[in-house]
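Let's take a walk through this protein together. Have a look at the sequence and the fold before reading on.

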Amino acid sequence: MPKQAGRFPRTRLRRTANAVIAGFIRYGISPGVMRLLTTRGNRSGFLRTTPVTLVENELGRFLVGVYGETGWVRNIRHDGFGTLRHGGWIELVSVVEADRKRAAPVLKAYLDHPRAAVVADQFTAAPDSPVETFEQEVPTHPVFEIVRSTTIRL
């Protein structure tokens, strides 16, 4: 029987951890791949900020919806843009959702990273699975390619 992707509950501990991580990212005291993504709520219009991991490789720059159809995924899918912050740098980004063929190698690269051990249970594919296996993961883990960006210093 294939492994089932895990559910990731939004517990008080997780919200607290995200707030602490966000503080480190805001002041630039975090790994270089961590960013604060700010999107506009697709229903409320309020700004929403969450920590994300940026995937940068020879294919381009990507944001991965590891936990599936979350708020930031719905918001960025609706607007097509957001901001990424790390320390005093803010980057306005435009994104497009990647199709299965484009997204599968990005998901594999994401899961190959040592820090991905924390979220490995969200995937049914193992890190050493072939890229074709990751094509089945795309509907539950959307991938957005950054197609245009402008960076400013605060």
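What is the mean pLDDT of the protein, and what share of its residues reach 70 or more? The mean is 90, and 94% of the residues get to 70 or more; pLDDT is the predictor's confidence in each residue, from 0 to 100. This is a predicted model, where local features need pLDDT of at least 70 and side-chain atom pairs count only at pLDDT 80 or more, while totals for chains, interfaces and linings use all residues. Residues are numbered from 1 along each chain as its sequence is written, and side-chain values use heavy atoms, with hydrogens and water left out.

Over residues 1-6 the pLDDT is below 50.

Now for H1 itself. Asn18, Ala22 and Ile25 are buried there (under 20% relative accessible area; exposed is over 50% and partly exposed in between, with a 1.4 Å probe and protein chains only). They sit on the same side of H1 because they cover an arc of only 60° around the axis, taken from the directions from the helix axis to the C-beta atoms. The face turned away from that buried side carries exposed Arg12, Leu13 and Ala19. Strands E1 (34-40), E2 and E4 (81-86) are among what covers the buried residues.

Over in strand E2 (residues 47-57) you'll find Thr50. Thr50 counts as buried because its relative accessibility is 18%.

Conventions: Helices (H or I, at least four residues) and strands (E, at least two) are DSSP runs, numbered from the N terminus. Contact means heavy atoms within 4.5 Å.
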